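User: Can you walk me through the packing in this one? I'd like to start with the core and then look at a helix pair.

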Amino acid sequence: MATKTEPKSFGVELLPTFANSWKVWWANVIPLSIGALVTLAVYAVFRIPAQQLFEDGEVYVSILIDLIGLIIAGSLAVPWYTFALKAARGQKIDVRAAFDGRLMGYQAAASFWFWAGVLLGFRYLLGLPSLFVVLLYAFHGYVVADDRSKNTRGGLRALGTSVRLTEGKRVGLFGIMALLVIFNMFGAITLGFEQGVTPLTMAGALVGLTITTSVTLVFGAFLYDAFRKEKS
């Protein structure tokens, strides 16, 4: 008699995989936290003045500062993606080896086109073009970080690989991303406290986002490997 199997989405069971992402994060909390703190702190250096410029009416300068921050932070996120992939695969993490200048260069190129598309998309059709960009290129960071055999050969090719990985998955991926956005909003919940943005609430948000974004990145690594296996 055949046994009934649980339905799967994207090659993984989503809820158990999300729960497992917490366990994997805790088992690798130090390297993942290092990757998160470097990325988030660097972006915050640009995000804070960009927000002030936006409030002062300097919209285009604000967008430019935001874009520069996103490119630099995105480039420095390569080790974070590497840690997430290795953690999800149960492999040993070597923090020093993860800082690969070649891959950071690839990620810089990919980040430019990715974030330029996202920021530009926010200005048209209620931001729908930004959503389209994210769905197409969501896995480019994993593609770059996974390129230990020198097969990617550039950021643009990483973007193209991400498009192929998400083909046929984008409706479901939209739902997952919406839930992950809500999940990460809890990481920044201190910014919504009555006292507003203070050094204390900002520190709380940094700690909270360090946790939620790292769990999200591990969860994304599980999805990436499932997508990659299906396409191979």
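**Core and helix packing**

Analyst: Starting from one residue in this predicted model: Leu32 touches Trp25, Trp80, Phe83, Ala84, Ser214 and Val218, leaving aside residues up to four places away in sequence.

User: Which residues have the most contacts inside the largest nonpolar core?

Analyst: Leu32, Phe139, Tyr142, Val218 and Tyr224. That core has 44 residues. Two or more residues come from each of α1, α2, α4, α5, α7, α8, α9 and α10. The largest share is that of α10, with 10 residues.

User: OK, the helix pair. What angle do α2 and α4 pack at?

Analyst: About 155°, and their axes are 8 Å apart. Angles over 145 degrees count as roughly antiparallel, so α2 is roughly antiparallel to α4. Their crossing is left-handed.

User: Which residues make the contact?

Analyst: From α2, Pro31, Leu32, Gly35, Ala36 and Thr39; from α4, Trp80, Phe83 and Ala84. By type, six are nonpolar, two are polar and none is charged.

User: Staying with α4, how many of its residues are buried?

Analyst: 10 of its 11, so α4 counts as mostly covered.

User: New topic. Which residue just after α4 has a positive phi?

Analyst: Gly90, with a phi of about 70°.

Conventions. Residues are numbered from 1 along each chain as its sequence is written. This is a predicted model: local features need pLDDT of at least 70, side-chain atom pairs count only at pLDDT 80 or more; totals for chains, interfaces and linings use all residues. Side-chain values use heavy atoms; hydrogens and water are left out. A nonpolar core is a set of buried Ala, Val, Leu, Ile, Met, Phe, Trp, Tyr and Cys residues joined through side-chain atoms within 4.5 Å. Buried means under 20% relative accessible area, exposed over 50%, partly exposed in between (1.4 Å probe, protein chains only). Helices (H or I, at least four residues) and strands (E, at least two) are DSSP runs, numbered from the N terminus. Contact means heavy atoms within 4.5 Å. Axes are lines fitted to C-alpha atoms, for helices over the stretch in contact, and angles run from 0 to 180 degrees between N-to-C directions. Angles under 35 degrees count as roughly parallel, over 145 as roughly antiparallel, 65 to 115 as roughly perpendicular and the rest as oblique. A crossing is left-handed if the near helix is turned anticlockwise from the far one by less than a right angle, and right-handed if clockwise. Ala, Val, Leu, Ile, Met, Phe, Trp, Tyr, Cys and Pro count as nonpolar, Asp, Glu, Lys and Arg as charged, and the others, Gly among them, as polar.
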